Amino acid sequence: MTLRVPKADLSAELSESMIEQYGLVPEPLEATGHHPEVVRASSEMGARVTAWDVADDSLKTFAHMAVAAQVGCSWCLDINYFLAQHKNLDLTKASQVPRWRESDVFTPLERDVLEYAEGMTDTPPTVTDELAARLLDRLGPPALVELTAAIAFANFSTRNNAALGVKSQGFSDACEIPLAGRRTTPGPAATA
């Protein structure tokens, strides 16, 4: 699939800034660049979400990756795996997020966070009172609120990218551990 909108003409300054940061211009920016207010609002919200520091960064990153895997946003999965490496997060765990149910590398808390992210992403949401209570007990109200808002933002960005046809740009190719693909055949899920 290719972009469903033509790439926007971005200013030379913005393009250069993106190339300096990422080595290339991120395709979501090229897709949404036709509407500067959308770009500005999305960028501002993304920066604010990234700046929140009550919930553990690895939990938020893995949750975003779980949303991306479920929605089918290869760009979000790709960039978050790449960013996990630069944040010194556990790359073995990050690489297994797309198949977290079958993987044995996650703690019970991480598994609950991944389940929560998928439950929030389901339509309608399938988060249970029991799951929310476990997370509330282990994280506390401020971190659970932050995690929930970060997952909501992940749904905004992944669904926006998927609908516009944005695909992976190969950021994760530079990572030392390959990113696992989602399981394609049904089977029993691993338990924690």
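## Ground rules

Buried means under 20% relative accessible area, exposed means over 50%, and partly exposed is in between (1.4 Å probe, protein chains only). At 4% relative accessibility, Phe-171 counts as buried.

This is a predicted model: local features need pLDDT of at least 70, side-chain atom pairs count only at pLDDT 80 or more, and totals for chains, interfaces and linings use all residues. Residues are numbered from 1 along each chain as its sequence is written, and side-chain values use heavy atoms, with hydrogens and water left out.

## The segment after α9

Phe-171 sits in the segment after α9. Helices (H or I, at least four residues) and strands (E, at least two) are DSSP runs, numbered from the N terminus. Contact means heavy atoms within 4.5 Å. Neighbours within four places in sequence aside, Phe-171 is in contact with Tyr-22, Leu-24, Trp-75, Asp-78, Ile-79 and Phe-82. Its C-alpha atom is 32 Å from that of Pro-124, 47 residues apart along the chain.

Ser-172 lies in the segment after α9 too. Ser-172 is buried, with a relative accessible area of 16%. Beyond four places in sequence, Ser-172 is in contact with Asp-78, Tyr-81 and Phe-82.

## Largest pocket

The largest pocket has a volume of about 1,000 Å³. On a 1 Å grid over the protein atoms alone, a cavity is a set of points where a 1.4 Å probe fits but cannot get out; a pocket is an open set with protein on both sides within 12 Å along at least five of seven lines, and lining residues have an atom within 4 Å of a point. Grid points are joined across faces, edges and corners, and a volume is the space filled by probe spheres set on the points.

Which of the 33 lining residues are closest to the centre of the largest pocket? They are Tyr-22, Ser-42, Gly-46, Trp-75 and Phe-153. Two or more lining residues come from each of α1 (12-22), α2 (27-32), α3 (36-51), α4 (57-71), α5 (74-86) and α9 (141-164). The lining divides into 18 nonpolar, 12 polar and three charged residues. Ala, Val, Leu, Ile, Met, Phe, Trp, Tyr, Cys and Pro count as nonpolar, Asp, Glu, Lys and Arg as charged, and the others, Gly among them, as polar.

## α4 against α9

α4 and α9 pack at an angle of about 35 degrees, their axes 9 Å apart. Axes are lines fitted to C-alpha atoms, for helices over the stretch in contact, and angles run from 0 to 180 degrees between N-to-C directions. The residues of this contact divide into 10 nonpolar, four polar and three charged. On the α4 side they include Leu-59, Ala-63 and Val-67; on the α9 side, Leu-147, Ala-150 and Ile-151 are among them.

Asp-112 is in helix α7 (residues 108-121). At 8% relative accessibility, Asp-112 is buried. Not counting residues up to four places away in sequence, Asp-112 touches Leu-131, Arg-134, Leu-135 and Arg-138.

Leu-144 belongs to helix α9. Leu-144 is buried, with a relative accessible area of 11%. The C-alpha atoms of Leu-144 and Ala-55, 89 residues apart along the chain, are separated by 7.3 Å.

## Backbone

Most residues other than glycine have a negative phi, and most peptide bonds are trans. A cis peptide bond joins Thr-123 and Pro-124, with omega about -5 degrees. Pro-124 is in the loop between α7 and α8 (129-139).

Asn-88 has a positive phi, near 60 degrees. Asn-88 is in the loop between α5 and α6 (91-96). Asn-88 is exposed, with a relative accessible area of 70%.
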